[in-house]
Amino acid sequence: MLKCIDINIRGGNVEVKAKLTLEEFFALPEGDITYELVDGEAKPKLLPKRFHSRLTGIFCLLLTQWNQDRGEVGVEWAIRLKRKGHDWVPIPDLLYISADRDRGDRILDEACPVPPELAIEIISPDQSFGEISGKAIDYLNAGVSRVWIVDAKVKTITIFYPDSPPQTKRGDEVITDELFPGLEFTPGQIFDDAKIP
């Protein structure tokens, strides 16, 4: 089998590293660390802290109550996507995929096989908004319909759309979307419910 390799030259030394295929990535043994497949490499996902965990719980509850069998809400469910022409397996903090879009076998325990309608990324203390914004653009380019970036430090939710500029919401600004009929909330409600100081 032909392997894709990555060659780096550093200080006169040649470093050769084989790139993982999608099949090899999914065959890696499971452990205590969660990995995403990025540019042929297994990259560790940052470990969530308290506020991150609280926000994940609040969004999961909000989306599950709204969902009512319209589709599936996933917490840290890997997605099989393409990024710049290469296999990419990101793990958003949460996702929502409608039953119409996900026509796969719901009995199989596998990565989400198609781009979901929504991916939510909660910024960790060690991440920057710019870094996660780049990931949001990659999600949109891969077919995800909406991306919400949640920033606990400044208590904002930034919504990324495929066909218009992102919008940042805060406080009592209402968030609604025709893609999610009947779902309505404010950032203030989310951050209050999560007890974010």
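User: Let's pick a residue. Where is Ile 157 found?
Analyst: Ile 157 is part of strand β11, which covers residues 156–160. Keep in mind that this is a predicted model.

User: Is Ile 157 buried or exposed?
Analyst: Ile 157 is buried: its relative accessible area is 0%.

User: What does Ile 157 touch, leaving out residues up to four places away in sequence?
Analyst: The list includes Phe 59, Trp 148, Ile 149, Val 150, Ile 175, Phe 185 and Phe 191. Gln 167, Thr 168 and Lys 169 are also among them.

User: And how far is Ile 157 from Gly 188?
Analyst: In sequence, Ile 157 and Gly 188 are 31 residues apart, while in space they are 9.9 Å apart, going from C-alpha to C-alpha.

User: Which residues of the largest nonpolar core touch the most other members?
Analyst: Those are Leu 55, Phe 59, Ile 120, Trp 148, Ile 157 and Phe 185, out of 26 residues in the core. At least two residues of this core come from each of α2 (50–67), β8 (94–98), β9, β10 (146–151), β11 and α4 (187–193).

User: Which element gives the largest share of this core?
Analyst: That is α2, with six residues.

User: What about Phe 185, what does it touch?
Analyst: Leaving out residues up to four places away in sequence, Phe 185 touches Phe 59, Leu 62, Trp 148, Ile 157, Glu 173, Val 174, Ile 175 and Ile 190. Another core lies apart from the largest one; it has 19 residues, including Val 38, Ile 97, Cys 112 and Val 147.

User: Zooming out, how many helices and strands does the protein chain have?
Analyst: There are four helices and twelve strands. The chain has 197 residues, and 43% of them are buried. Among contacts with a separation of 6 or more, 51% are between residues 24 or more positions apart.

User: How do β3 and β4 run?
Analyst: They run antiparallel, joined by four bridges. Leu 37 stands opposite Ala 42, which is in β4. The two strands form a hairpin with two residues between them, and Asp 39 in the turn has a positive phi of about 55 degrees.

User: Last one. Where is Ser 124, and why does it count as buried?
Analyst: Ser 124 is in the loop between β9 and α3. It counts as buried because its relative accessibility is 8%, and the cut-off for buried is under 20%. Not counting residues up to four places away in sequence, Ser 124 touches Leu 46 and His 52.

Note on methods. Residues numbered from 1 in each chain as written. Predicted model: local features only at pLDDT ≥ 70, side-chain atom pairs only at ≥ 80, totals over all residues. Heavy atoms only, no water. Buried < 20%, exposed > 50% of the residue type's maximum accessible area, 1.4 Å probe, protein only. Contact = heavy atoms within 4.5 Å. Core = buried A, V, L, I, M, F, W, Y, C linked by side-chain atoms within 4.5 Å. Pairing = 2+ DSSP bridges.
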